[in-house]
Amino acid sequence: MDLRDATTEDVEAVRRVATESLSASYGHAIDEETIEAAVEKWYSADRLREALTDDREIFVVAVDEGSIVGFAQSEISEGREVVGYLDWLHVVPDHRGGGIGSQLLARLKQDLVASGVDRLEGRVLTENEEGVAFYEEQGFSEVGERTVDIHGESFTERVFTTLLDEAESESGGLTHRTTDDGTPVYVSYEESMRGSDAPFFAVYLDEERTERYGWMCGVDESLDVAIDTMERLECNECRNRRKPVRWDAAYL
């Protein structure tokens with residue numbers, strides 16, 4: 001089994017792997033129509049070609065006997081902290097259990113570190129028990145849950161993160177700030193949402209992270225971030241916006 005960078009010649013093979021992997025991981029909880037809609041939305045040929053030619057994307061495939069059997073994709077987002085978002089990690093059902101997912105993740109981490117990424121964040125639907133176990137086995141920490149809409153139905157998405165250098169933050173990932181009106185707040189760089197220009201970071205009123213204040217923009221560190229009921233974010237200073245929510249792909 002070999003690992004290599006993906007190319008635009010791999011588009012159809014990647015779509016096949018995604019379809020097989022999603023069906024295996026979510027067939028028990030999500031109907032076939034929803035899975036097909038997800039493949040067309042997130043793995044369209046145009047979207048994949050765009051990702052494969054984007055300098056901010058790292059896209060690796062696993063090849064066995066000339067056939068692609070897995071892939072991993074991460075987008076790099078720069079701000080105060082450089083974050084790698086693990087968008088997709090798929091392995092076809094008949095090649096699972098052999099360590100391919102771990103090898104893909106290791107190669108992805110290597111490339112992300114070389115690109116100056118500080119932290120890797122990934123998400124997985126609660127229904128994907130194998131995916132949740134994979135994150136835990138790989139040493140990720142769970143930092144929260146979010147609700148995501150898939151084809152008109154709501155699902156719970158669990159958020160995991162890990163630092164890419166071995167040094168742990170002395171403050172547990174929290175940085176103390178003071179708002180313009182003198183309120184002490186704590187910025188969590190372990191919890192983020194990607195934005196059009198840089199990530200948004202969660203902000204709390206206490207160090208225990210029990211009471212949320214809002215979000216901080218990663219572009220200019222502004223706490224003046226607007227949020228609506230759908231958790232759409234926009235920095236009122238620089239207009240950095242949260243990108244549309246995507247949903248996870250069978251992390252195995």
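Is Ser188 buried or exposed, and what is its relative accessible area?

Modeller: Keep in mind that this is a predicted model. Ser188 counts as buried because its relative accessible area is 0%, and the cut-off for buried is under 20%. The residue belongs to strand β9, which covers residues 184-193. Its side chain has a partner too: a polar contact of 3.0 Å links Ser188 to the side chain of Arg209.

From there, on to the charged pairs. Side chains of opposite charge can pair when their charged atoms come close. There are 18 salt bridges in the structure. Take Arg56 and Asp54, whose closest N and O atoms sit 3.5 Å apart. Arg56 has 40% relative accessibility, so it counts as partly exposed. Asp54 is also labelled partly exposed, because its value is 22%. Glu234 and Arg241 make another salt bridge, with 3.3 Å between the closest N and O atoms. Here Glu234 comes out at 22%, so partly exposed, and Arg241 gets that label because it reaches 43%.

Glu121 and Arg119 are worth a stop as well: their side chains form a salt bridge at 3.3 Å, N to O, and both residues are buried. They also take part in a network of salt bridges that links Glu81, Arg119, Glu121, Arg123 and Glu157.

Now for the nonpolar side of things. The largest nonpolar core counts 49 residues, and Tyr43, Phe71, Leu89, Leu104 and Leu112 are the ones with the most contacts inside it. If you set aside neighbours within four places in sequence, Leu112 touches Ile58, Ser74, Ile76, Gly84, Val117, Leu120 and Leu164.

An α-helix has 3.6 residues a turn, so residues three or four places apart point the same way. In α2, which spans residues 32-42, the buried residues are Thr34, Ile35, Ala38, Val39 and Trp42. Those residues sit on the same side of α2 because they cover an arc of only 140° around the axis. Glu32 and Glu33 are exposed on the other side of α2. As for what the buried residues of α2 pack against, the list is α1 (11-26), α3 (45-52), β4 (83-91) and β6 (141-150). The N-terminal end of α2 is capped by Asp31, with a side-chain oxygen 3.1 Å from the backbone nitrogen of Glu33.

Helix α3 has Ala45, Leu48 and Ala51 as its buried residues. Looking down the axis of α3, they fall within an arc of 130°, so they line one face of the helix. Asp46 and Glu50 are exposed on the face turned away from that buried side. The buried residues of α3 pack against α1, β2 (57-64) and β3 (67-77).

Last stop, strand β6, one of the elements that the buried residues of α2 pack against. Strand β6 runs antiparallel to β7 (residues 153-163), and nine bridges join the two. Val148 stands opposite Phe155 in β7. The hairpin of β6 and β7 has two residues between the strands, and in that hairpin His151 takes a positive phi near 55°.

Methods
Residues are numbered from 1 along each chain as its sequence is written. This is a predicted model: local features need pLDDT of at least 70, side-chain atom pairs count only at pLDDT 80 or more; totals for chains, interfaces and linings use all residues. Side-chain values use heavy atoms; hydrogens and water are left out. Helices (H or I, at least four residues) and strands (E, at least two) are DSSP runs, numbered from the N terminus. Buried means under 20% relative accessible area, exposed over 50%, partly exposed in between (1.4 Å probe, protein chains only). A polar contact is a pair of N or O atoms within 3.5 Å; within protein, one must be able to donate a hydrogen and the other to accept it, and residues adjacent in sequence count only if both atoms are side-chain atoms. A salt bridge is a side-chain nitrogen of Lys or Arg within 4 Å of a carboxyl oxygen of Asp or Glu. A nonpolar core is a set of buried Ala, Val, Leu, Ile, Met, Phe, Trp, Tyr and Cys residues joined through side-chain atoms within 4.5 Å. Contact means heavy atoms within 4.5 Å. The arc is that of the directions from the helix axis to the C-beta atoms. Two strands pair if DSSP finds at least two bridges between them.
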